[in-house]
Amino acid sequence: MEKSRSAVLKLVIAIAVVVVIAVIAVLVMIGKSEDTPAVAAEEKAALAGNIQLLIFERDLAAARARGMVFSDDGRTLLTCTDKNITEAVIPPCVSAIGTGAFANCGKLYKVDIPASVNVIGDGAFMNCRSLHAVRIPENVNTIGTGAFADCRNLRDVTIPAGVENIGAWAFANCWNLETLNISKTLELAKVGNIPPGCTVKQK
């Protein structure tokens, strides 16, 4: 396992070096184009696209080194094989966190969900008992059934206005949940099963 992670980390570093070189190349090309308009717009776009692809691969490689597994196109986070993970930075290319992706990661206390995510699947963070706060991005429209169930140290959650669907028991057994911030446009009934003692703030 350690050898595998070491190899992945070396790959991340190699990709990062290539990204830096590519950025420098683009800057040089842009500098030349200011004197002689030899660089066509499509060439610049192609270079920018290549850099974005390299960044995409770098981010995925870094996440894989932490035990995260993705769909072939890198858009869905399927699972995390490292159940002892403490911090998770989800790559900004991910649009969906799959069913049970981080379920039973009992030591996970911090997760960075990027703005690109629009779906948090069923049981995605179920039984992550060290998780204490979650910032759900504005682009999320669906929070699945039991997504944060049994996150017993979860204390503060903000649900953005864009959320249209919240599955049953999304926050079931989150006994220490103190504050739930939701939009005035979201029907409280949709949240469901709010733990006793939790203060709901609608803004």
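## Close-up views of a predicted model

**View 1. Cysteine C151 and its closest sulfur.** The closest cysteine sulfur to that of C151 belongs to C128, and at 5.1 Å it is too far away for a bond. This is a predicted model, in which local features need pLDDT of at least 70 and side-chain atom pairs count only at pLDDT 80 or more, while totals for chains, interfaces and linings use all residues. Residues are numbered from 1 along each chain as its sequence is written, and side-chain values use heavy atoms, with hydrogens and water left out. C151 has 0% relative accessibility and counts as buried. Here buried means under 20% relative accessible area, exposed means over 50%, and partly exposed lies in between (1.4 Å probe, protein chains only).

**View 2. Cysteines C80 and C105.** The sulfur of C80 has its closest cysteine sulfur in C105. The separation is 4.6 Å, too far for a bond. C80 is buried, at 1% relative accessibility. A disulfide is a covalent bond between the sulfur atoms of two cysteines. The criterion used is a pair of cysteine sulfur atoms within 2.5 Å. The structure holds 0 disulfides.

View 3. A search of the whole structure gives 3 salt bridges. Each needs a side-chain nitrogen of Lys or Arg within 4 Å of a carboxyl oxygen of Asp or Glu. Side chains of opposite charge can pair when their charged atoms come close. In the bridge between R58 and D59, the closest N and O atoms are 3.0 Å apart. R58 is partly exposed, at 28% relative accessible area. D59 counts as buried, at 17%.

View 4. D150 and R152 form a salt bridge, with 3.4 Å between the closest N and O atoms. D150 is buried at 17% relative accessibility, whereas R152 is partly exposed at 31%. R155 and E178 also meet through their side chains in a salt bridge, at 3.4 Å from N to O. This second pair links distant parts of the chain, 23 residues apart. R155 sits in the loop between strand 8 (142-143) and strand 9 (156-159). E178 sits in the loop between strand 10 (165-166) and strand 11 (179-182). Helices (H or I, at least four residues) and strands (E, at least two) are DSSP runs, numbered from the N terminus. R155 is partly exposed at 35% relative accessibility, and E178 is partly exposed at 44%.

View 5. A pair of aromatic rings is described by the distance of the centres and the angle of the planes. Rings of Phe, Tyr and Trp (its six-membered ring) pair if their centres lie within 6.5 Å; planes under 30 degrees apart are stacked, over 60 edge-to-face, and the rest tilted. The count comes to 3 aromatic pairs. F125 and F148 are stacked, 5.3 Å centre to centre with 5° between the planes. This pair joins distant parts of the chain: F125 lies in the loop between strand 6 (119-120) and strand 7 (133-135), and F148 in the loop between strand 8 and strand 9, 23 residues apart. F125 is buried at 0% relative accessible area. F148 is buried at 1%. F148 also stacks with F171, at 5.5 Å centre to centre and 0° between the planes. Here too the pair links distant parts of the chain, with F171 in the loop between strand 10 and strand 11, 23 residues from F148. F171 is buried, as is F148. F102, F125, F148 and F171 make up one aromatic cluster.

**View 6. The largest nonpolar core.** A nonpolar core is a set of buried Ala, Val, Leu, Ile, Met, Phe, Trp, Tyr and Cys residues joined through side-chain atoms within 4.5 Å. The largest one has 46 residues. Those with the most contacts inside this core are F102, I120, F125, F148 and I159. Two or more residues each come from helix 2 (41-65), strand 1, strand 2, strand 9 and strand 11. Helix 2 gives the largest share, 3 residues.

View 7. Contact means heavy atoms within 4.5 Å. Leaving aside neighbours within four places in sequence, F125 is in contact with residues including I97, F102, L108, I120, F148 and C151. S71 lies in the loop between strand 1 (68-70) and strand 2 (76-80). S71 is buried at 16% relative accessibility. With the neighbours within four places in sequence left out, S71 is in contact with T76 and L78.
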